[in-house]
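Thanks for coming. I have one structure today and will go through it piece by piece, starting with a single residue.

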Amino acid sequence: MSPDWPRLFPLEDYRFPMGLRRGNIAAFWHPQDGSGQMVKERQRWLEKDRQHYVAELAEAAPILQEARAWVQKITTQCEPDWAVLSSGLEGDVDPVLLGGEVVFPSGWSLPAKLGQPLESVHGPVPGLQTALGKSISAFLRRVEVGSAWERENWGLGADAELNHHPSRLLPGLTARASLADTWIRLERQFLTRLPVFKTILFGIRVSHHRLEEVARLPRIAAGIIRALETMPDAVAEYKGLLEARVGLVQELQLTVPDASGSGL
């Protein structure tokens with residue numbers, strides 16, 4: 001499925017969007033990599049360092065069993081990462097991360113976040129909890145059993161590696177980054193409520209798209225420029241693109257004759 005780039009990069013100032021829309025369970029979970037390389041890559045990391053990628057609270061073992069069985073009914077060759085949150089139905093109690101299998105994280109560690117409420121999980125992202133915290137919690141309480149919801153989250157990276165676990169210490173973008181060697185790291189995210197324990201299943205599919213190629217699409221470069229120019233410095237630093245964005249914006253502006261930069 002090709003990303004909806006105009007929706008991801010509208011000609012608007014940067015913000016944290018909820019961006020939730022109705023999804024499709026089969027379309028998200030069924031294998032999409034005909035080469036089988038993604039499944040092989042998952043298995044390679046699980047065999048090498050399983051403790052980095054698979055974790056669960058001891059008391060949540062039956063809940064994680066339900067989640068695994070739910071996924072396996074759809075596919076025996078699971079490509080997406082997945083995690084399980086507590087139901088969030090107990091009054092104003094924030095959902096807690098109970099466990100899962102996250103082999104291709106974007107700079108975070110599942111075991112390190114285990115047992116934390118969602119507010120703490122999102123805590124390191126500057127401004128996210130303030131902007132969307134209440135809306136996220138309210139939405140999760142309304143998610144129904146069997147429903148399917150999706151959204152996307154994007155970042156920029158210096159490589160097309162699926163596994164960005166912090167233990168790997170992969171080099172990030174620098175001031176020398178160019179469109180040709182920068183990748184949009186896109187997370188396609190999925191939400192549903194499981195039937196037995198009423199917990200929230202959260203799925204993540206990671207894909208990479210060379211920034212140079214995406215910027216060639218009609219009217220997309222201007223949206224990327226606007227997002228980079230108006231992104232708060234704290235968010236840009238968290239996303240690892242603070243040093244790179246000045247040069248990337250300047251290069252992007254060469255592809256948009258009428259672009260008006262802010263002088264970043």
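Trp154 is buried, with a relative accessible area of 9%. Before going further: this is a predicted model, and every value I quote is computed from it.

Trp154 has an aromatic partner. Tyr14 and Trp154 form an edge-to-face pair, 6.3 Å from centre to centre, with 85° between the planes. Tyr14 sits in the loop between helix 1, residues 5-8, and strand 1, residues 21-22, while Trp154 belongs to strand 5, residues 149-157, so the pair ties together parts that are 140 residues apart in sequence. Tyr14 is buried too, at a relative accessible area of 15%. The cut-off for buried is under 20%, so 15% for Tyr14 falls inside it.

Which residues make up the cluster around these two? Trp5, Phe9, Tyr14, Phe16 and Trp154 form one aromatic cluster. Trp154 also has a charge over its ring: Lys239 lies over the face, at 5.4 Å from the ring centre. There is another case of this kind elsewhere, where Arg42 lies over the face of Phe104, at 5.3 Å from the ring centre.

In total, the count of aromatic pairs comes to eleven.

A further pair to show is Phe139 with Trp149. How are the rings of Phe139 and Trp149 arranged? They are edge-to-face, with 5.2 Å between centres and 90° between planes. Phe139 is in helix 7, residues 128-142, and Trp149 is in strand 5, ten residues apart, and the pair links distant parts of the chain. Both Phe139 and Trp149 are buried.

That brings us to strand 5 itself. Is strand 5 mostly covered or mostly open? Mostly covered: eight of its nine residues are buried. On one side, strand 5 pairs with strand 1 in the antiparallel sense over two bridges, and Trp149 in strand 5 is the bridge partner of Arg22. Strand 5 also pairs with strand 6, residues 183-193, in the antiparallel sense over nine bridges. There, Trp149 has Leu191 of strand 6 as its bridge partner.

Seven strands form an open sheet with antiparallel pairing, in the order 1-5-6-7-3-4-2. Which strands are at the edges? Strand 1 and strand 2, residues 54-56, each of which pairs on one side only. Further along the order, strand 3 and strand 4, residues 97-101, pair in the antiparallel sense over four bridges. The bridge partner of Trp82 in strand 4 is Glu101.

Why does Ala67 count as buried? Its relative accessibility is 0%, and buried means under 20%. Leaving aside neighbours within four places in sequence, Ala67 is in contact with Trp82, Val84, Leu194 and Leu201.

For contrast, take Ala26, which is in helix 2, residues 25-29. Ala26 is partly exposed, with a relative accessible area of 32%. Ala26 and Glu119 are 93 residues apart in sequence and 30 Å apart in space, C-alpha to C-alpha.

Back to helix 7, where Phe139 sits. Helix 7 has 15 residues and reaches 20 Å from its first C-alpha to its last, close to the 21 Å expected at 1.5 Å a residue. Where is the kink in helix 7 centred? On Lys134, and the kink is about 30°. The buried residues of helix 7 are Leu128, Leu132, Gly133, Ile136, Ser137, Phe139 and Leu140. As background, an α-helix has 3.6 residues a turn, so residues three or four places apart point the same way. What covers the buried residues of helix 7 includes strand 3, helix 6, strand 5, strand 6 and strand 7.

Last, helix 9, residues 220-230. This helix is mostly covered, with eight of its eleven residues buried. The buried residues of helix 9 are Ile220, Ala221, Gly223, Ile224, Ile225, Ala227, Leu228 and Glu229. What covers them includes helix 1, strand 5, helix 8 and helix 11.

I will take questions now.

Conventions. Residues numbered from 1 in each chain as written. Predicted model: local features only at pLDDT ≥ 70, side-chain atom pairs only at ≥ 80, totals over all residues. Heavy atoms only, no water. Phe/Tyr/Trp six-rings, centres within 6.5 Å; stacked < 30°, edge-to-face > 60°. Buried < 20%, exposed > 50% of the residue type's maximum accessible area, 1.4 Å probe, protein only. Lys NZ or Arg CZ within 6 Å of the ring centre and 35° of its normal. Pairing = 2+ DSSP bridges. Expected span 1.5 Å × (residues − 1). Bend = angle between axes of the 7 residues up to and from the residue. Contact = heavy atoms within 4.5 Å.
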